[in-house]
Amino acid sequence: MSHRKLLLSAAIFALPASPAWAQNTDSVEQRSESGLSDDFHDDNMIVVTAPYVDQLDILAGTSVLTGDELAEDLRTQIGDSLTGLAGVSSTSFAPGASRPVLRGFQGPRVRVLTDGIGSLDASNTSVDHAVTIDPLTAQRIEVLRGPAVLLFGGDAIGGAVNVIDKRIPRDVPEEALHLDAIGGYGSAADDWSIAGSVDVPLTSKLVVHADGSYRDTDDVRVPGFVLAPALRAEVLAAAAEETEEGHLDEADELTETANLRGRVPNTASRTETAGAGIAFIDDGGNLGVSVSYYNTDYGVPARPGSGHAHGEEGEEEEGGEEEGPVTIGMEQIRADLRGAVNMNGFFESLNFRAGYSDYEHTEFEGDEIGTVFSVSGIEARAELVQADHDGWRGVIGSQVLVRDFNAIGAEAFVPKNSLESWAFFTLQEVDLGNWELEGALRFDQTSISANTVNFDRNFNTVSGAFGLAYAPDDSAFKIGVNISRAERAPSAEELLSNGPHIATQAFEIGNPNFTTEKSWGGELYARWDSDDVQLSATIYGNLFDDYIFEAETAAEEDGLPVFQFFQRDATYYGVEASASAVFARAGGFDFIANGVADYVRAKIDNGGGSVPRIPPLRLLGGLKAHSDNFDLGAEVEWTDSQNKVAAFETTSDGFTMVNASAAWRPFGKEGGVTLLASANNIFDVNARRHASFTKDYVPLTGRDIRVSAKFSF
């Protein structure tokens, strides 16, 4: 990394500016007054994403997963842990690589954050790249949709997923040693996992933290045939053709592939993490640092019939041996900094957050090294939080990102490149009694350069949002509207891709002449939030100019299907709703009904057809019985078929899955022990997520019985 880049990264601390979720004095007091024994893992703990605006309606799309609900939904990758939330699907490329899909958006339009700072890996460069965040170490996961993401980046039009862990402690435990641990087993992939953390106060203001996790899974078990019906018919037809031509060995291999069932080959994974941190916390503010290590190895399922030679067409590998299965070995070393200074006067605090990452992953073809990807980067942000002045409050902030990306090998589909980005943003709120006004404005400058292909471009983008909300006196009801204008610089992958990518089994082509992507967005929402009933419904839409998307072309290059990036105008619109209501109380139990519904439609304007990989209509409903000692629940998820597809994209059948769960707290709600059990996809339904690049040969997990135990002392 050049000296100029390091200076640019360091300059953030001279700018007026915090992580929006940094712990302030008020939120610490709110937790201590709750009377709960667990300082760190209380289900009712509120870690407010934006403490300076505690009812910020520009954040109307926020969802939260924490406590026992998070423990029940822990999967290998974060994308698969969030699919029960409204508006959330998953790329489900493989059990070892799955990113969230928000309102139909994925890739660079969805930011995945660790405590407000990007994951600083290569997960947004390709769907086969894992996110370097282990859900086992998460304390809380926040999903932000709509205009809220202007706090974190103008490019995250779809939303942001913010994973909050404890590696930099936010509080000093009262006990001499605080221990958290979770372990579990899942039957569908022989999934064994364990994680633990310890926090030790050295003084009344100084606390140290250490954590680690380990997960090991086998190939995932699925119901029915591994291949989708249309793909299976295609492979059987190819087998018949090989038989007619007398190629019996090839025909037998294709027939075996078509009839594969039971487990998806090459989907096993192993993940290890470790972290340590220290923080100083007092009434004047806080300062903490942490270091962490992430290591994972996972398989990449093969697309039936795919394969190519590195030399001329038809050229065999040296020795006449076929390429082995593709696996990925990934490693990241990361350092993080977080601090806050409490102030008096116009500003109430100055907060800052920074992260540095050294990341590398290797794509193996059997035992041979195919391509090595490396990323080194620094991201930092700082914010000045304004005190409340007669109902007016807000934040002024700045953010910087410097990233160096390199790929070395025969299939380095993106050239070595560097990205430098800096931004200023502000968010303001005015409370007028029954009415609330919010406004946000963000300016980003992004520079992308790749010397090997003589590429160097700068992009200036401006994004803004305005919100208006109304709440009657003494009412749990609120209605509001948000309007936003967002602009996104194209990513290096969209600009510079040009080559074979063995892990996705595709030849990917970008366009260095792309302009910025612009969109107008609108939301109309209504909410009811009382002690026993919570309702939320949002209608939204986005009109895009110069929308960038990747689509199959039916061409073939180097024995691989060609996927090319295009830029066209596009339209997105949809609805998402969630509901939870206590409908009865008896025998110490609250009986709760809950539901989720989401739908999104996305199409290329002027007759361009549908945007690829858009999730279909989904309905999810369930019942739960809750007490201090026991939880019992069951839910049904119905997903419609998806027939509105892009050219050369296959349709997806609908499915219905039934799940059930139970939790037992033998020592009560504050006892520190929870035993959990769940049965997912009870009727062993063959299901595929349409947002997945690999849906036709990687179905969702079959019947999966999971048991886990969570401890906090």
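Val220 counts as buried because its relative accessibility is 5%, where buried means under 20% relative accessible area, exposed over 50% and partly exposed in between (1.4 Å probe, protein chains only). This is a predicted model, in which local features need pLDDT of at least 70 and side-chain atom pairs count only at pLDDT 80 or more, while totals for chains, interfaces and linings use all residues. Residues are numbered from 1 along each chain as its sequence is written, and side-chain values use heavy atoms, with hydrogens and water left out.

**The loop between β10 and β11**
- Val220 sits in the loop between β10 and β11; helices (H or I, at least four residues) and strands (E, at least two) are DSSP runs, numbered from the N terminus.
- Leaving aside neighbours within four places in sequence, Val220 has contacts (heavy atoms within 4.5 Å) with residues including Pro95, Gly262 and Thr701.
- The C-alpha atoms of Val220 and Arg263 are 5.5 Å apart, although 43 residues separate them along the chain.
- Asp219 is found in that loop too.
- Asp219 is buried yet has no salt bridge, and the nearest side chain of opposite charge, Arg263, is 6.8 Å away; Lys and Arg count as positive and Asp and Glu as negative, with His and the chain ends not counted.
- The Asp219 side chain reaches the backbone nitrogen of Thr267 at 2.9 Å and that of Ala268 at 3.1 Å.

**Helix α5**
- Helix α5 spans residues 229-244, and its 16 residues reach 23 Å from first C-alpha to last, close to the 22 Å expected at 1.5 Å a residue; the expected span is 1.5 Å times one less than the number of residues.
- Its buried residues are Leu231, Arg232, Val235 and Ala239. They lie on the same side of α5 because they cover an arc of only 100 degrees around the axis, taken from the directions from the helix axis to the C-beta atoms.
- Pro229, Ala230, Glu234 and Glu244 are exposed on the other side of α5.
- The cover over the buried residues of α5 includes β11 and α6.

**Salt bridges**
- The structure holds 35 salt bridges, each a side-chain nitrogen of Lys or Arg within 4 Å of a carboxyl oxygen of Asp or Glu.
- Arg221 and Asp684 meet in one of them (3.2 Å, N to O). This pair links distant parts of the chain, with Arg221 in strand β11 and Asp684 in the loop between β33 and β34, 463 residues apart.
- Asp115 and Arg170 belong to a salt-bridge network that also links Arg334, Asp336, Arg338 and Arg353.

Methods
Polar contact = N/O pair within 3.5 Å; in protein donor to acceptor, adjacent residues only side chain to side chain.
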